[in-house]
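Here is a short briefing to read alongside the model. Take a look at the sequence and the fold, and then follow the notes below.

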Amino acid sequence: MTPKIHRICRTIRRLPDAEYECGRSDYMAEILEKLGLDVIGSGMFGVVIDCGDFVFKVFTADDEAYLDFLDFCENVDSKHLPVILWDQQINAHWWGVCLEKLTTLEEDIDEVPTSLTKHPMFQHACKRIRDGKRNTGSKELNALLDLLAETCYREEHFIDLHNGNAMLRDRTLVITDPWC
């Protein structure tokens, strides 16, 4: 754990329990920004901080879908999943995970159609970022999406794929948070 991550975790551990419900991830984003950290993204359950060579995501401990996705990533070997450098529960309400730094699809939107397949799950969930007439023929990505769909339904989550939950590593599509 880097000194920066240690400082973030220590700050979160010191928060009173009563403050947990105060806006959840929006509230956490404010706290982290007050520490002078570069918050580069936030969602319903988490906040992402730029830490130079990697990113640090702080998310609520009740985000079972993301916790299941982290387990999925640790057990499935695919170039289409993020590299997890470290993850740990920070306190009763928050978890932290260090991930490889990726490129957002908005920054490289011209590359998206060549990275997507015609997989039905991805097409249905990602209409905003796909070109349905193109198909890379990626058997590995198709197999991963099938496995993500099967696991999603087995764990009783919902599919949440969109341009904010998929990114790029060079020209490779990486699924970063597919369930809710």
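This is a predicted model: local features need pLDDT of at least 70, side-chain atom pairs count only at pLDDT 80 or more; totals for chains, interfaces and linings use all residues.

Thr151 belongs to helix α6, which spans residues 139-154. Setting aside neighbours within four places in sequence, Thr151 is in contact with Phe72 and Trp179. Both of these contact partners turn up again in a cluster linked by ring pairs, and the notes on aromatic rings come next.

**Aromatic rings**

- The structure holds 7 aromatic pairs.
- One of them joins Phe59 and Tyr66: the ring centres are 4.8 Å apart and the planes stand at 80°, so this pair is edge-to-face. The angle meets that description because edge-to-face applies to planes over 60 degrees apart.
- Phe59 and Tyr66 are both buried.
- Phe69 and Phe72 make a stacked pair, with 6.4 Å from centre to centre and 15° between the planes.
- Ring pairs connect Phe59, Tyr66, Phe69, Phe72, Trp95 and Trp179 into a cluster.
- Tyr66 has a further neighbour in Lys57, which lies over the face of the ring at 3.6 Å from its centre.

**The sheet**

- An open sheet is built from 5 strands in the order β1-β2-β3-β5-β4, with antiparallel pairing.
- Which strands lie at the edges? They are β1 (39-42) and β4 (84-89), each of which pairs on one side only.
- From one strand to the next, the twist averages 15°.
- β4 pairs with β5 (residues 94-100) in the antiparallel sense over 5 bridges. Within this part of the sheet, Ile84 has Leu99 of β5 as its bridge partner.

**Helices across the sheet**

- Helix α1 (residues 3-13) lies across β2 (46-50), β3 (54-60), β4 and β5, and runs at about 15° to β3.
- Helix α2 (residues 25-34) lies across β1, β2, β3 and β5, running at about 25° to β2.
- Which residues of α2 are buried? Ser25, Tyr27, Met28, Ala29, Ile31 and Leu32 are buried in this helix.
- The buried residues of α2 pack against α1 as well as β1, β2, β3 and β5.
- After α2 comes Gly36, which has a positive phi, near 85°.

- Asp50 lies in strand β2. Is this residue buried or exposed? Asp50 counts as buried because its relative accessibility is 18%, and the class takes in values under 20%.
- A polar atom of the Asp50 side chain lies 2.8 Å from the backbone nitrogen of Gly52.
- The side chains of Asp50 and Lys101 are joined by a polar contact of 2.9 Å.
- Leaving out neighbours within four places in sequence, Asp50 is in contact with Lys4, Asp38, Ile40, Val55 and Lys101.

Notes
Residues are numbered from 1 along each chain as its sequence is written. Side-chain values use heavy atoms; hydrogens and water are left out. Two strands pair if DSSP finds at least two bridges between them. Helices (H or I, at least four residues) and strands (E, at least two) are DSSP runs, numbered from the N terminus. Axes are lines fitted to C-alpha atoms, for helices over the stretch in contact, and angles run from 0 to 180 degrees between N-to-C directions. Contact means heavy atoms within 4.5 Å. Rings of Phe, Tyr and Trp (its six-membered ring) pair if their centres lie within 6.5 Å; planes under 30 degrees apart count as stacked, over 60 as edge-to-face and the rest as tilted. Buried means under 20% relative accessible area, exposed over 50%, partly exposed in between (1.4 Å probe, protein chains only). A charge sits over a ring if NZ of Lys or CZ of Arg is within 6 Å of the ring centre and within 35 degrees of the ring normal. A polar contact is a pair of N or O atoms within 3.5 Å; within protein, one must be able to donate a hydrogen and the other to accept it, and residues adjacent in sequence count only if both atoms are side-chain atoms.
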